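Reader: Please show me the model, and let me ask how its labels were assigned.

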Amino acid sequence: MDTKALHTISYGLYVVTAKKDNRFNGQVANTLFQISSEPPTVAVSINKQNLTHEFIQAGRSFAVSVLAKDTPLSLIGQFGFKSGREVDKFAGLNYKLTQAGLPYLAEHTLAYLEAKINQTVDAGTHSIFIGTLTDAAVLQQGEPMTYAYYHQVKRGTTPKTAPTFAAAGAEGGPATTAPRYRCTICNYIYDPAKGDPEHGIAPGTPFEDLPGDWACPICGAGKEAFEKI
């Protein structure tokens, strides 16, 4: 069986949020899809280890921010590679609330959805939460971020708790003559041939010549967190 067949499935990229008591949390997810139109129903798959899973179970509802194509890696890293048990993911961010009081991102978001859960399916490591829409709005026109664009153009990586996670090496791309460096926190690979144009690092810049304050574009870890591969 060639599991690379799974890599041909297309996905979007979203921030799924929930509320428990007076606390908010959220995470990046790619397995969101519409199930029916009457009533409008969506489903999302969330790892049971994630704090967002706990919050969705407690509040019986979730919200979704549909990310735009130009969403910076740092925002995806904020919700994809940090734990709400350790940091407030919404600190310093511009967000608003749905009708039920769930947070959604007000920037880099094309639309938001709010759903009330009517069914939960046990899927092993994950739960599939199925919910009927209770609020939704289009915030701006534009192209949505796709999972393929995130990986192939933005060179993003996947958290281990994601249903589409693949072991390191499968996401690294072809080898280059110059040494590359992998972030030990989120698996982002710095390739000197490509640089980090989003943060002013020109293609051809060796890792050793990166500024001392340069940080991983996804999780924000410093240079010391990188290892040569």
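Author: What follows takes the labels one by one.

Author: This is a predicted model: local features need pLDDT of at least 70, side-chain atom pairs count only at pLDDT 80 or more, and totals for chains, interfaces and linings use all residues. Residues are numbered from 1 along each chain as its sequence is written, and side-chain values use heavy atoms, with hydrogens and water left out.

Reader: What makes up the secondary structure of the protein?

Author: Three helices and twelve strands. Helices (H or I, at least four residues) and strands (E, at least two) are DSSP runs, numbered from the N terminus.

Reader: Why is Q78 called buried?

Author: Buried means under 20% relative accessible area, exposed over 50%, and partly exposed in between, with a 1.4 Å probe and protein chains only. Q78 has 15% relative accessibility, so it counts as buried. Q78 sits in helix 2 (residues 73–80). Seven of the eight residues in helix 2 are buried, among them L73, I76 and F79. Over the protein, buried residues make up 47% of the 229 residues.

Reader: What is Q78 in contact with, leaving aside its neighbours within four places in sequence?

Author: D88, K89, L93 and I218. Contact means heavy atoms within 4.5 Å.

Reader: Which backbone oxygen lies 3.0 Å from a polar atom of the side chain of Q78?

Author: That of K89. A polar contact is a pair of N or O atoms within 3.5 Å; within protein, one must be able to donate a hydrogen and the other to accept it, and residues adjacent in sequence count only if both atoms are side-chain atoms. At 3.0 Å, the K89 oxygen and the Q78 side-chain atom are inside that limit.

Reader: How do you know that strand 8 and strand 9 pair?

Author: Two strands pair if DSSP finds at least two bridges between them. Strand 8 (residues 109–123) and strand 9 are joined by twelve, and they run antiparallel. One of the bridges links D122 to S127 in strand 9. V121 stands opposite I128. The two strands form a hairpin with two residues between them, and G124 in the turn has a positive phi of about 75°.

Reader: How many bridges pair strand 4 with strand 9?

Author: Seven, between strand 4 (residues 40–47) and strand 9 (residues 126–138), in the antiparallel sense. There, N47 has H126 as its bridge partner.

Reader: What is the strand order of the open sheet?

Author: The order is 2-1-5-8-9-4-3, seven strands with antiparallel pairing.

Reader: What makes strand 2 and strand 3 edge strands?

Author: Strand 2 (23–29) and strand 3 (32–37) each pair on one side only. The twist averages 35° from one strand to the next. Axes are lines fitted to C-alpha atoms, for helices over the stretch in contact, and angles run from 0 to 180 degrees between N-to-C directions.

Reader: How does helix 2 lie against strand 2?

Author: Helix 2 runs at about 115° to strand 2, and lies across strand 1, strand 2 and strand 5.

Reader: Which residues touch the most other members of the largest nonpolar core?

Author: Y150, Y188, C216 and F226, in a core of 29 residues. Helix 2 gives the most to this core, with four residues. Another core, of 19 residues, lies apart from it and includes I46 and V64. A nonpolar core is a set of buried Ala, Val, Leu, Ile, Met, Phe, Trp, Tyr and Cys residues joined through side-chain atoms within 4.5 Å.
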